[in-house]
Amino acid sequence: MAIVFEKPHALTDAPLHYCPGCTHGIVHRLVAQALDELGVEGRAVGVASVGCSVMSYDYFACDMVEAPHGRAQAVATGLKRARPDNVIFTYQGDGDLAAIGTAETVHAATRGENITVIFINNAIYGMTGGQMAPTSLPGQITQTTPYGRDTNTAGYPVRVCELLSTLDGVAFAQRVTVDSVQNVNIARKAIKKAFQNQLDGKGYSIVEVLSTCPTNWGLSPVEALDWLRQNMIPYYPLGVYKDVEAGVKK
Amino acid sequence: MAEKVLMKGNEALAEAAIRAGCHHFFGYPITPQTELAAYMAKRMPQVGGTYLQAESELAAINMVLGAASAGVRAMTSSSSPGVSLKGEGISYMAGSDLPALIINVQRGGPGLGGIQPSQADYWQATKAGGHGDFQVLVFAPSTVQEMVDLVSDAFDAADKYRMPAMILADGMLGQMMEPVILPEAGEKQPVEKPWAANGHQNKRPHNVINSLYLTPEKLEDLVLERYERYKVIEATEQRAEEYLVEDAELVVVAYGASARVARSAVNKAREQGKKVGLIRPITLWPFPKDTLKAAASHVGKMLTVEMSMGQMVDDVRLAVECKIPVHFFGRTGGIIPTPAEVLGEIDRLLEE
Amino acid sequence: MAKIIVDELVCKGCSMCVNACPLGLIALAQEVLNSKGYHPARLMHPEKCVGCAACATMCPDTAITVER
């Protein structure tokens, strides 16, 4: 018998601190698989952002830099401009990328920085214990929207792929999820493409991954996958929002 | 042999940085330092470097954090309100042991304040550059030539001690023109940075640049290690100029632009036969305590002159350990004190 | 002929693999507690495993190695 599935090299042996069933782990693996398949772990530098995934610097086996909250894409810009031969990626949550770091996100995108952005959208702040995120759904109950997100006072969720795909600097924007084997495989291809684009000098590529937060959603991991399918995907449709190479622009 | 050229302070800072091997500049426009960024925008492409106008000072300082993490010499420049925004990145760089240069061409504050020269960011630069226990190397030039020289020294010290360094200038120095001799580019070899996050090339364990330590003991250990470095810096890197101090009954203490005014006042006083000297701190952190303490053993009193409501005066008092009275004279809001005003204060104190 | 190897020390008993196995061959070992306090996943019918790797694909902790 031969091994057909094992831990990618670009993940360290450090056990992940994430809660049981948190899909961060799946996405970590997909990023590491992309680094493995493209043979770029040795050239890669990842930027960890503040939030649950801040300690991803212990999990990715490539060089890693921790950015201040929201500044991951500014840090990535500095890294890439300093050493264009390095393969630079950020790994960011929704609070980091779409609230405190919105300016850094929009401007890295509009500059067309040749970086790869992995965006975890789980509609909640995980690390601080379940507060409203910029991507929390209308009516969603969180610690800071105990009566449900009221759009009259808390506004509407930010649709990041839609927003960024209007910018000329963006080469590739795709929204995926990891709720099933089939969707994990789609996500895997999207993430690999986002890295391949950087190697080809195509410019800013973002993959938004609809993810679960079973703990702060108050659901079991399997129930959380159902909640994601029933509530998140309708609000955040999956698909390619922009692909300059293929001429796709939604 | 390098020739003498006439340069504006802001432009001299920029050219000196390029010649010190800094090819990565990230900034955001703000008066009165904008000529620096404009000069970089022109020069960086000529040397194959990066000039990037960021979307904010926050982004600019974090681009510096990224470039510094990659192991290159990187810098940003701003003026007072912009430096407040950079405080976040400065703290993170200190916490991540990253070398970089920040230039503050100070203007009046607080708030949006004004756009005229000021020295009201002394506390921010030396004591409160951001949250947490840390220090930043702070250099205070008082001529355009010194701006050139200190940029190079600041980069060297930042690399040596793995920490951010700041040039604390002001709108007067930034805007004035003086003849300078520039060093040749590439005189110094780049420093080896084995800690840099520039890709391990499958040849070493992965480097991690971070400032998060959830175990208090670990965080305390790291801060203690940093403070051991600070002790070495305080023991070896203090710099000050002494001018006519030896026989002085009164010593004026001033840095940067106000030191230029103070020197004129001291010269005038000497012409009138008054025994007055000047101590000009060149490093504000480490503060030149030793020079001040030594002077306090034979000087009757001191007068600090600042373009603020009196910030450095606290450090002067601490340095002389209350052995002699330390007085303060300053103007704020963007007003540069005149030599006559300072001389008047000197006269008043000598007659006391 | 195929099999999965679950790293029982790493497994957090989240059941994502249990849910993903198209043949329903995996269950949490209720009689076992690992050092983290979780019931780890186990292949209950090894003879039926086809090595499709659906379980490993859905495992957030990369605790499953698949051989075929």
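Student: Hi! Which residue is the bridge partner of Phe5(A) in β4(C)?
Tutor: Val66(C) is the bridge partner of Phe5(A) there. Keep in mind that this is a predicted model.

Student: And how do the two strands run, parallel or antiparallel?
Tutor: Antiparallel: β1 of chain A, residues 3-5, is joined to β4(C) by two bridges.

Student: Nice. How many residues are in contact between chain C and chain A?
Tutor: Chain C brings 25 residues and chain A brings 30. Thr57(C), Met58(C) and Thr62(C) supply 26% of the area that chain C buries against chain A, more than any other three residues.

Student: What area do chain C and chain A bury between them?
Tutor: About 2100 Å², with 69% of it on carbon and sulfur atoms.

Student: How many salt bridges and polar contacts cross that interface?
Tutor: The rule finds zero salt bridges between chain C and chain A, but eight residue pairs are in polar contact. On the side of chain C that touches chain A, at least two residues come from each of α1 (16-20), α2 (54-58) and β4 (64-67). By class, that side has 13 nonpolar, six polar and six charged residues.

Student: Let's zoom out to chain C. What order do its elements run in?
Tutor: From the N terminus, chain C goes β-α-β-β-α-β, which comes to two helices and four strands. Its radius of gyration is 11 Å, close to the 11 Å from the globule rule for 68 residues, so chain C is as compact as a globular protein of that length. Along the principal axes, its C-alpha atoms fill a box of roughly 30 × 20 × 20 Å.

Student: How many salt bridges are counted between chain A and chain B?
Tutor: Three. One joins the side chains of Glu55(B) and Arg111(A), at 2.9 Å from N to O. There are also 22 residue pairs in polar contact between chain A and chain B.

Student: Which element gives the largest share of the side of chain A that touches chain B?
Tutor: That would be α3(A), with seven residues. The side of chain A facing this contact divides into 17 nonpolar, seven polar and 10 charged residues.

Student: In which sense do β3(A) and β9 of chain B pair?
Tutor: They pair in the parallel sense, over two bridges, with β9 spanning residues 208-209. Val65(A) stands opposite Ile209(B) in that pairing.

Notes
Residues are numbered from 1 along each chain as its sequence is written. Chains are lettered from A and ligands numbered from 1 in the order in which they are written. This is a predicted model: local features need pLDDT of at least 70, side-chain atom pairs count only at pLDDT 80 or more; totals for chains, interfaces and linings use all residues. Side-chain values use heavy atoms; hydrogens and water are left out. Contact means heavy atoms within 4.5 Å. Buried area is the accessible area (1.4 Å probe) that two parts lose on being put together, summed over both. A salt bridge is a side-chain nitrogen of Lys or Arg within 4 Å of a carboxyl oxygen of Asp or Glu. A polar contact is a pair of N or O atoms within 3.5 Å; within protein, one must be able to donate a hydrogen and the other to accept it, and residues adjacent in sequence count only if both atoms are side-chain atoms. Ala, Val, Leu, Ile, Met, Phe, Trp, Tyr, Cys and Pro count as nonpolar, Asp, Glu, Lys and Arg as charged, and the others, Gly among them, as polar. Two strands pair if DSSP finds at least two bridges between them. The radius of gyration is taken over C-alpha atoms; the globule rule is 2.2 Å times the number of residues to the power 0.38.
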